[in-house]
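Below is a short report on one protein model. It covers salt bridges, cores, a helix face and a surface patch.

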Amino acid sequence: MFITGTDTGVGKTIVAAALVRSLLGLGVDAGVMKPVETGRVSDSMTLREASSSRDSLDLVSPYRLRHALAPIVAAELEKVTIEPSRILYCYDLLSSRHEVVVVEGAGGVAVPIARGFWFSDLIVAMGTPCVVVGRAGLGTINHTVLTIEHLRARGARVLGVVLNGFKGDEAEEAGPTTIQEMTGLEHLWKIPWVSDPSNHRFDLRELALLIKEG
């Protein structure tokens, strides 16, 4: 299962970690992966802690770059060549160890990983369905629908949408229904806004059940 998003900072790590915990709660052995991590962040560590995984960090996150930039740009600055084949090798190895591997992308689906290879291409190459994470507020209809259409055009299977950070604003009311009407997606989940999401345990049991049941 690939957790992607409409943008950076929309809550992909929160959703991925919550999904892993929900899968574990259902008795599903869930591994984690953050193929490329940029900047001084620790999403890969957060995911590994959520899964209680013993997989090495180099396997969970084969490319960790210092600059908080698009992967291809950060890699060029740091004289690193990102090889999609290495990412896929790590994913296959993790898949052989776990029933499900929850993979978190970086930024949005059209972010380039290597020359001519985007995150949407990685999703397709992995052959895994994906969930799109977006913000709950104004603008989310456009961003979410465009992301879904891009993924479908590349041949990816979109399982559903998670909208993050609901505060009860007027702009949030019509967004979920409109997104479902425009895309035909059956599944959409909402996460409320909290002041410290890192210490909040969100329940994504319904999504976890869908994954468990195939």
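## Salt bridge at Arg-64

Arg-64 has a relative accessible area of 39%, so it is partly exposed. The model is a predicted one. The side chain of Arg-64 meets that of Asp-58 in a salt bridge, with 3.1 Å from N to O. Asp-58 also counts as partly exposed, at 47% relative accessibility.

## Other salt bridges

The structure holds nine salt bridges. One of them joins Asp-55 and Arg-97, whose closest N and O atoms are 2.8 Å apart. Asp-55 sits in the loop between helix 2 and helix 3, and Arg-97 in helix 5 (residues 84-97), so the pair ties together parts 42 residues apart in sequence. Asp-55 is buried, at 5% relative accessible area. Arg-97 is partly exposed, at 44%.

Arg-66 and Glu-78 form another salt bridge through their side chains, at 3.8 Å from N to O. Arg-66 belongs to the loop between strand 4 and helix 4 (71-77), while Glu-78 belongs to the loop between helix 4 and helix 5; the pair therefore ties together parts that are twelve residues apart in sequence. Which of these two partners is buried, and which is exposed? Arg-66 is exposed, with a relative accessible area of 53%. Glu-78 is buried, at 14% relative accessibility. In general, side chains of opposite charge can pair when their charged atoms come close.

## Buried face of helix 2

Helix 2 spans residues 43-51. Its buried residues are Asp-43, Ser-44, Leu-47, Ala-50 and Ser-51. Viewed down the axis of helix 2, they fall within an arc of 125°, so they line one face of the helix.

What do the buried residues of helix 2 pack against? Their helical partners are helix 1 (12-25) and helix 3 (57-60). Their strand partners are strand 2 (30-33), strand 3 (36-38), strand 4 (63-65) and strand 5 (100-104). After helix 2 comes Ser-52, which has a positive phi, near 55°.

## Nonpolar cores

The largest nonpolar core has 38 residues. Which of its residues touch the most other members? They are Met-33 and Ile-87. Leaving out residues up to four places away in sequence, Ile-87 touches Met-33, Pro-35, Val-36, Pro-62, Tyr-63, Ile-82, Ile-113, Leu-122 and Met-126.

## Surface patch

Leu-69, Val-73 and Leu-77 make a nonpolar surface patch of about 240 Å². Val-73 is found in helix 4. Val-73 counts as partly exposed, at 37% relative accessibility.

## His-187

His-187 lies in strand 10, which runs over residues 187-192. Is His-187 buried or exposed? It is buried, with a relative accessible area of 17%; the cut-off for buried is under 20%. Setting aside neighbours within four places in sequence, His-187 is in contact with Leu-159, Gly-160, Val-161, Gln-180, Glu-206 and Leu-210.

Terms used. Residues numbered from 1 in each chain as written. Predicted model: local features only at pLDDT ≥ 70, side-chain atom pairs only at ≥ 80, totals over all residues. Heavy atoms only, no water. Core = buried A, V, L, I, M, F, W, Y, C linked by side-chain atoms within 4.5 Å. Buried < 20%, exposed > 50% of the residue type's maximum accessible area, 1.4 Å probe, protein only. Contact = heavy atoms within 4.5 Å. Helix = DSSP H or I, 4+ residues; strand = E, 2+ residues; numbered from the N terminus. Arc of directions from axis to C-beta. Salt bridge = Lys/Arg side-chain N within 4 Å of Asp/Glu carboxyl O. Patch = residues over 30% accessible without salt bridge, like charges linked within 9 Å, V, L, I, M, F, W, Y side chains within 5 Å. Areas by Shrake-Rupley, 256 points an atom, 1.4 Å probe, with all protein chains shown as cover.
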